Amino acid sequence: MELIFFYVFAVLAVGAALSVLLFRSPVYCALALVGTLGFLAAIFILLNQEFLAAIQILIYAGAIMVLFLFVIMLLNLRSDRPFAVQWSLPKIVGAGVSIGILAQMIMVFISPDARIGPQDVYSPERIADEGAMEIIGGMLFTDFVLPFEVISVLLMVAVIGVVILAKRRGHDPAGDGE
Amino acid sequence: MIPVSHVLSLSAILFTIGVTGVIIRRNAIVVFMCIELMLNAVNLGFIGFAYGMQSMVGVMFVFFVLIVAAAEAVIGLSIILAIFRNKGTLNIDELNLLRW
């Protein structure tokens with residue numbers, strides 16, 4: 001049953017991802033990407049990570065994609081020209097490279113040598129017992145406290161960078177900003 | 001129990017779709033969306049490993065990847081806005097200022 005749902009959501013996610021690739025209008029691409037993120041959140045739930053599924057929906061689909069749509073709206077873009085018309089040499093090389101990457105990754109992942117057995121102590125029962133958020137919070141402030149602090153600096157750098165990048169050069173008497 | 005190799009294969013397929021999008025699309029915003037798609041494929045890979053290994057470290061990595069993706073999206077979109085304001089186009093074939 002779990003497996004059937006996984007395959008259904010996997011097919012839907014790949015289909016939505018392909019439509020990100022193939023739609024011509026950026027708005028349709030953004031909406032297809034929202035769909036992909038939603039199906040991935042469903043797969044996260046099937047893999048026992050409800051907390052990450054919620055975060056995925058809230059941050060990615062809720063915040064980041066709304067930002068994308070706002071920028072598309074601000075820029076008032078026309079639809080893309082049909083792409084992939086001229087098959088120049090770099091594009092053929094690029095297609096070959098991406099197919100090679102896919103083949104190599106899948107070969108590594110399905111090889112019987114890959115030892116992906118249980119190696120740590122967090123079984124699904126224990127996660128359900130203690131609660132995923134408690135475990136994540138505990139690890140965030142013990143084992144991962146340095147990355148946590150670095151991330152806070154990174155976010156501050158991002159905020160300052162955005163303010164500087166989005167500021168208009170020179171004086172703007174109308175003060176309408178953008 | 002979902003086989004971990006299937007989760008990882010799905011992650012590889014999504015990542016490849018993202019790579020292909022970065023290569024063949026010409027609109028900078030769509031290229032950026034394909035980068036987000038690649039980040040999500042990597043997140044799925046991390047969660048697949050965490051599921052197979054019964055570990056929570058992969059989940060922590062996904063957490064940090066999400067934060068970096070948010071910061072990256074904000075910075076990237078403001079760069080795109082600045083480029084559009086200065087150049088009037090987002091076609092990455094016409095943005096060759098840094099080309100040698």
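Helices here are DSSP runs of H or I with at least four residues, strands are runs of E with at least two, and both are numbered from the N terminus. This is a predicted model: local features need pLDDT of at least 70, side-chain atom pairs count only at pLDDT 80 or more, and totals for chains, interfaces and linings use all residues. Residues are numbered from 1 along each chain as its sequence is written, chains are lettered from A and ligands numbered from 1 in the order in which they are written, and side-chain values use heavy atoms, with hydrogens and water left out.

**Stop 1: a helix in chain A**

Select residues 50-75 of chain A, which make up helix α3. The expected span of a helix is 1.5 Å times one less than its number of residues. For the 26 residues of this helix that should come to 38 Å, and the end C-alpha atoms are 36 Å apart, which agrees. Now click on A:M65: a kink of about 30 degrees in α3(A) is centred there.

**Stop 2: chain B as a whole**

Colour chain B by secondary structure and you'll find three helices and zero strands, in the pattern α-α-α along the sequence. Of its 100 residues, 61% are buried; buried means under 20% relative accessible area, exposed over 50%, and partly exposed in between (1.4 Å probe, protein chains only).

**Stop 3: where the chains meet**

Show both chains together. The contact (heavy atoms within 4.5 Å) takes 81 residues from chain A and 70 residues from chain B. About 6,900 Å² is buried between the two chains, with carbon and sulfur atoms giving 80% of that; buried area is the accessible area (1.4 Å probe) that two parts lose on being put together, summed over both. How many salt bridges does the rule find across the interface of chain A and chain B? It finds zero, taking a salt bridge as a side-chain nitrogen of Lys or Arg within 4 Å of a carboxyl oxygen of Asp or Glu.

Next, pick B:N43 in helix α2 of chain B. B:N43 is buried, at 0% relative accessible area. Neighbours within four places in sequence aside, B:N43 contacts A:F44, A:Y60, B:V62, B:V65 and B:L66.

Then jump to A:M139 in helix α6 (residues 132-140) of chain A, which is buried at 8%.

**Stop 4: the aromatic rings**

Show the Phe, Tyr and Trp side chains. Rings (for Trp, the six-membered one) pair if their centres lie within 6.5 Å; planes under 30 degrees apart count as stacked, over 60 as edge-to-face and the rest as tilted. The structure holds eleven such pairs over all chains. In A:F5 and A:F9 the ring centres are 6.3 Å apart and the planes at 20 degrees, so this pair is stacked. Both sit in helix α1 (residues 2-22) of chain A, four residues apart, about one turn of the helix.

Over in chain B, the rings of B:F46 and B:F61 are stacked too, with centres 5.3 Å apart and planes at 15 degrees. This pair links distant parts of the chain, 15 residues apart: B:F46 is in helix α2 (residues 28-53) and B:F61 in helix α3 (residues 57-87). B:F46 is partly exposed at 25%, and B:F61 is partly exposed at 39%.

To finish, select A:F51, A:F144, B:F46, B:F61, B:F63 and B:F64, which form one aromatic cluster.

Methods: The bend at a residue is the angle between axes fitted to the seven residues ending there and the seven starting there.
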